[in-house]
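I opened the notebook to record what I looked up.

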Amino acid sequence: MSFCFNFDLPAQTTNPEDVDGNKLQNGKKDEAAKSTEGNTKPTEPVKEAKEHLPPSDPQFLLDDAVFETVTIGTLPPLRFLNETVFEKTALEREDGEKILSRTAEQRSDLISGVYEGGLKVWECTYDLLELIEKDGETFGGKAVLDLGCGAGLLGILALKRGATQVHFQDYNSTVIEQLTVPNVMLNCQEDDEVDSEDDKEGSGKGNIEGEVGCKKKTKTKEDVKESSPLPKKRAVDLSQHPLLTKCHFFSGDWSTFLALVLKTDPPTKFDIIFTSETIYNTAYYPVLHETLQKLLAPHGLVYLATKSHYFGVGGGLHLFETFVEQKGVFSLDHLWNGEEGLQRHVVVLRFKKPKDT
Ligand SMILES: C[S@@+](CC[C@H](N)C(=O)[O-])C[C@H]1O[C@@H](n2cnc3c(N)ncnc32)[C@H](O)[C@@H]1O
């Protein structure tokens, strides 16, 4: 899988004095606010959050599925739609947000405020999956949020390992509808439907990703057809699948997502929040921090996977750490630091004082 970092930000149109929405204090900004000055907020209107209910007959979403399986150590195999599906079928797909056509036109992985990159799996997701595998983290009885989920692999893992509920949030409704929901459904199908076929193939056909040590295979609908008769699978009503009933799906900007989730009575709090490759734009730090602060349970953990620096966008771990430190709400510890190529990290945040919610 290729990862091109072709970020594309709009020209600065916001007032530099108020670029991140932080108020001036005694005539000057605090340090935390200063660290967000490198980026601009998008000029597009804020994308209003909404909840997406999985379709009552969801099987059609998988009809032309070309999917990959990622297997990391002892973790259950995770399936996800191959990103090339979207390039090849952009014209036939429902795409009210026009992100499929716009990303193709602009040849960009990210168009700030329009498309925030959720249609592919970013590599720090694999780092976090590996870490979970090593640490043996289980999710039994936990409420989990996959914030900025994209393909949703982290949330799907939690779901398969016993989380009581998993919220998936992505900026783009197209991502939620065309990628996250289908991926959850792919993983709801009985494991043996496809895995028995994986076993038959043997490891020789697998594509070993040396860098992160995970095994990936690409399978097509035709492969699946050969191994298990499609009609039998179609008979399964996925919309009633016990795993799917534990899921909630949201699209929209973090500020409106936060407001929507806080409206629930009692407001939902999460024991675990995953967020991978979401701190590339410093202009989003205030709302991201507020979302984590308001949605994390008092003794909960935020697992953040990120690169050190996002070239062309400006954000990265150092700036985010400075921001978090200045806010004084969370402590932040490094769990894993990768040294190869572009440096990548996994960190954990927890409340300094658990009543700070
Ligand atoms: C680069 S993608 C990473 C996707 C996925 N977590 C992964 O690692 O493969 C960044 C994600 O952050 C989310 N995101 C970024 N800025 C956001 C914002 N201001 N409001 C809501 N979501 C945002 C988007 O949903 C997007 O999918």
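I began with C124. Is C124 buried or exposed? C124 counts as buried because its relative accessibility is 0%, and the cut-off for buried is under 20%. I note that this is a predicted model.

Next I looked for disulfides. I found 0 in the structure. I then checked C188, which is in no disulfide. Its nearest cysteine sulfur belongs to C247 and is 6.5 Å away. C188 has a relative accessible area of 3%, so I logged C188 as buried.

Then I turned to the ligand. Where does the ligand sit? I found the ligand in the largest cavity. I listed 20 residues around the ligand. The closest are T125, G148, D170, Y171 and S276. I sorted the shell by residue class: 7 nonpolar, 8 polar and 5 charged.

At G148, a polar backbone atom lies 2.6 Å from a nitrogen atom of the ligand. At D170, the side chain takes part: one of its polar atoms is 2.6 Å from a ligand oxygen atom. At Y171, I went back to the backbone, where a polar atom is 2.8 Å from an oxygen atom of the ligand.

Last, I checked how much of the ligand is covered. Alone, the ligand exposes 580 Å². The protein buries 99% of that area.

Methods: Residues numbered from 1 in each chain as written. Predicted model: local features only at pLDDT ≥ 70, side-chain atom pairs only at ≥ 80, totals over all residues. Heavy atoms only, no water. Disulfide = S-S within 2.5 Å. Buried < 20%, exposed > 50% of the residue type's maximum accessible area, 1.4 Å probe, protein only. Near = heavy atom within 4 Å. Polar contact = N/O pair within 3.5 Å; in protein donor to acceptor, adjacent residues only side chain to side chain. Areas by Shrake-Rupley, 256 points an atom, 1.4 Å probe, with all protein chains shown as cover. 1 Å grid on protein atoms, 1.4 Å probe; cavity = no way out; pocket = protein on both sides within 12 Å on 5 of 7 lines; lining within 4 Å. Sits in = over half its atoms within 2 Å of the grid points. Nonpolar A, V, L, I, M, F, W, Y, C, P; charged D, E, K, R; others polar.
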